[in-house]
Amino acid sequence: MDIVLSSARLALRRFAQSDADLLVELDGDPEVMRYLTGGEPTPRDRIETVILPEMLALYDEDPAFGYLAAFEYDTGDFVGWFELRIPEDVPPGPLPAVFELGYRLRRAHWGRGYATEVSRLLVEHAFADFAAVRVFATTMAVNTASRRVLTKVGMSYVGTYYPDLPPIPGAKHGDVVYALSRPVWESRKNTQEH
Ligand SMILES: CC(C)(COP(=O)(O)OP(=O)(O)OC[C@H]1O[C@@H](n2cnc3c(N)ncnc32)[C@H](O)[C@@H]1OP(=O)(O)O)[C@@H](O)C(=O)NCCC(=O)NCCS
């Protein structure tokens, strides 16, 4: 495996077109998809023809890592994916150096600190290696676990917005934005070093 990133317990590599089964299984769990699609699985066809090709194309276009597949060192088990990328809606032009963080883990691996472990690493890389001015993430306001991860990696709540998307049943509470800016990251780093 070509490891791109290692955390204490996980090895992360780029996705390949042959990884469709991993994503079909991940997105096939209604609990995983609860705060993303209201529990609807992603069809295999969409994964094979849209999602994976977009993920692969990003490796050439994105200055950060794009999407990485995570595996346990101990078992070799697929844990899920993490993303660090320029936001999807950024217009072409000079790089904004604003990066979006995201993650989606298999239910069997929740509650072990994996999301926090890798997200911390990605935030460090964003500022230290990719000259980020800001790292942000969005999640549904009701996604307590995800909000907790973002707080634990040092991000602060920025605000709530109501995306112009079809409502997801039972979750009309809006999305929240969390972010960490470079000056705050630098001041914390300096405090830790002294
Ligand atoms: C959100 C998600 C990535 C969290 O991953 P994880 O590896 O279980 O998170 P961690 O173990 O690092 O836990 C981080 C914190 O969240 C808390 N937490 C985890 N699940 C929780 C839950 N269901 N409710 C409340 N808090 C929860 C943990 O207790 C921990 O906080 P603590 O250290 O203060 O106890 C995982 O649940 C997931 O993939 N969910 C489905 C996809 C998804 O929602 N992705 C995010 C979309 S924006």
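Biologist: Does Glu100 count as buried, partly exposed or exposed, and what is the relative accessibility behind that?
Modeller: First, a caution: this is a predicted model, where local features need pLDDT of at least 70, side-chain atom pairs count only at pLDDT 80 or more, and totals for chains, interfaces and linings use all residues. Residues are numbered from 1 along each chain as its sequence is written, and side-chain values use heavy atoms, with hydrogens and water left out. Buried means under 20% relative accessible area, exposed over 50% and partly exposed in between, using a 1.4 Å probe and protein chains only. Glu100 has 16% relative accessibility, so the label is buried.

Biologist: Where does Glu100 lie, and which residues does Glu100 touch?
Modeller: Helices (H or I, at least four residues) and strands (E, at least two) are DSSP runs, numbered from the N terminus. By that scheme Glu100 lies in strand E5. Contact means heavy atoms within 4.5 Å. Leaving out residues up to four places away in sequence, Glu100 touches Glu83, Leu84, Arg85, Pro87, Glu88, Phe136 and Thr138.

Biologist: How many aromatic pairs does a search of the whole structure find?
Modeller: Rings of Phe, Tyr and Trp (its six-membered ring) pair if their centres lie within 6.5 Å. Planes under 30 degrees apart count as stacked, over 60 as edge-to-face and the rest as tilted. Searching the whole structure this way gives a total of seven.

Biologist: What kind of aromatic pair do Phe99 and Phe130 form?
Modeller: Phe99 sits in strand E5 (residues 98–105) and Phe130 in the loop between helix H4 (114–128) and strand E6 (134–140), so the pair links distant parts of the chain, 31 residues apart. Phe99 is buried, with a relative accessible area of 1%. The ring centres are 6.1 Å apart with 50 degrees between the planes, which makes the pair tilted.

Biologist: Which residues form one aromatic cluster?
Modeller: Two of the names have already come up as a pair, Phe99 and Phe130. The cluster is Phe65, Phe99 and Phe130.

Biologist: Is helix H1 roughly parallel or roughly perpendicular to helix H3?
Modeller: Axes are lines fitted to C-alpha atoms, for helices over the stretch in contact, and angles run from 0 to 180 degrees between N-to-C directions. Under 35 degrees counts as roughly parallel, over 145 as roughly antiparallel, 65 to 115 as roughly perpendicular and the rest as oblique. H1 (residues 20–27) and H3 (residues 44–61) pack at about 115 degrees, with their axes 10 Å apart. That makes H1, relative to H3, roughly perpendicular.

Biologist: Which residues of H3 meet H1?
Modeller: On the H1 side you have Ala20, Asp21, Leu23, Val24 and Asp27. The H3 residues are Arg44, Ile47, Glu48, Ile51, Leu52 and Met55.

Biologist: Which residues of H6 make the contact with H4?
Modeller: The axes of H4 and H6 come within 11 Å and cross at roughly 105 degrees, so H4 is roughly perpendicular to H6. From H4 come Glu124, Phe127 and Ala128. From H6 come Arg182, Trp185 and Lys189.

Biologist: Which residues does Arg182 touch?
Modeller: Arg182 is placed in helix H6 (residues 182–193). Among the residues on its list is Ala131, which has a positive phi of about 55 degrees although it is not a glycine. Not counting residues up to four places away in sequence, Arg182 touches Phe127, Ala131, Ala132 and Val133.

Biologist: Last one: is Val32 buried or exposed?
Modeller: Val32 is in the loop between H1 and helix H2 (34–37). Its contacts include Leu26, Arg104 and Trp110. At a relative accessible area of 10%, Val32 is buried.
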